[in-house]
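Student: Please pick one part of this model and go through it closely. I would like to know which side chains meet there and how it connects to the rest of the chain.

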Amino acid sequence: MALIATHEGERWALPKGWVEKGEALEETALREVREETGLQAEIVERLDPIEYWFWGDDQEGQWVRFRKKVYFFRMDYVSGDLSPHDAEADEARWFPLDEAIEHIAYDNEREVLQAVKVAVEGA
């Protein structure tokens, strides 16, 4: 499982980002994985989305709450390596699935990884 570190390496998370205009959810997921980890992947299946609120600057520089819905996909590695990630990630690293579940910073993303474990291992 490839995770990215953010917040100066303090928080491990799944790659994710904004859908660009005209882009399908699957295209966004593959692009974000490629940009944030350097890996090429192929989609195996769509997972349940998560929703959350966060604070940030709007286009006018005002501090506002945003609602974000994130769609995740289980993917298989195709090619690439973890060195050429973009500036959004401080680091990208491979983890065995159980270690990824332990390291991931966000409870809702931990639930996503636990669902992947069930799908992969049939546990």
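Tutor: What follows is a close look at one residue, and then at the parts around it.

The model is predicted, so local features are given only at pLDDT of at least 70 and side-chain atom pairs only at pLDDT 80 or more, while totals for chains, interfaces and linings use all residues. Residues are numbered from 1 along each chain as its sequence is written, and side-chain values use heavy atoms, with hydrogens and water left out.

The residue is K16. Helices (DSSP runs of H or I, at least four residues) and strands (runs of E, at least two) are numbered from the N terminus. K16 sits in the loop that runs from strand 2 (11–13) to helix 1 (25–37). With a relative accessibility of 18%, K16 counts as buried; buried means under 20% relative accessible area, exposed over 50% and partly exposed in between, using a 1.4 Å probe and protein chains only.

What does K16 touch? Counting contact as heavy atoms within 4.5 Å, and leaving aside neighbours within four places in sequence, K16 is in contact with E32, E36, Y52, V70, F72 and E109. Side chains of opposite charge can pair when their charged atoms come close.

A salt bridge here is a side-chain nitrogen of Lys or Arg within 4 Å of a carboxyl oxygen of Asp or Glu. By this rule the count is 10. One of the others joins K117 and D98 at 2.7 Å, N to O. K117 is in helix 3 and D98 in helix 2, so this pair ties together parts 19 residues apart in sequence. Both ends are partly exposed, K117 at 24% and D98 at 40%.

A nonpolar core is a set of buried Ala, Val, Leu, Ile, Met, Phe, Trp, Tyr and Cys residues joined through side-chain atoms within 4.5 Å. The largest has 16 residues, and L3, L14, F72, V112 and L113 touch the most other members. Strand 1 (2–6), helix 2 (97–103) and helix 3 (107–121) are the elements that give it two or more residues. A second, separate core has seven residues, among them V33, L39, L82 and A89.

Strands pair if DSSP finds at least two bridges between them; strand 4 (residues 50–57) and strand 5 (residues 63–70) do so in the antiparallel sense over eight bridges. Y52 stands opposite K68 in strand 5. Five residues lie between the two strands, and G61 in this hairpin takes a positive phi near 85°. R67 is exposed at 55%, whereas E51 is partly exposed at 40%.

Y52 also belongs to a cluster of ring pairs with W18, F54 and F66. Rings of Phe, Tyr and Trp (its six-membered ring) pair if their centres lie within 6.5 Å; planes under 30 degrees apart count as stacked, over 60 as edge-to-face and the rest as tilted. The model has five such pairs. F54 and F66 have ring centres 5.4 Å apart and planes at 25°, so they are stacked. F54 is in strand 4 and F66 in strand 5, so the pair ties together parts 12 residues apart in sequence.
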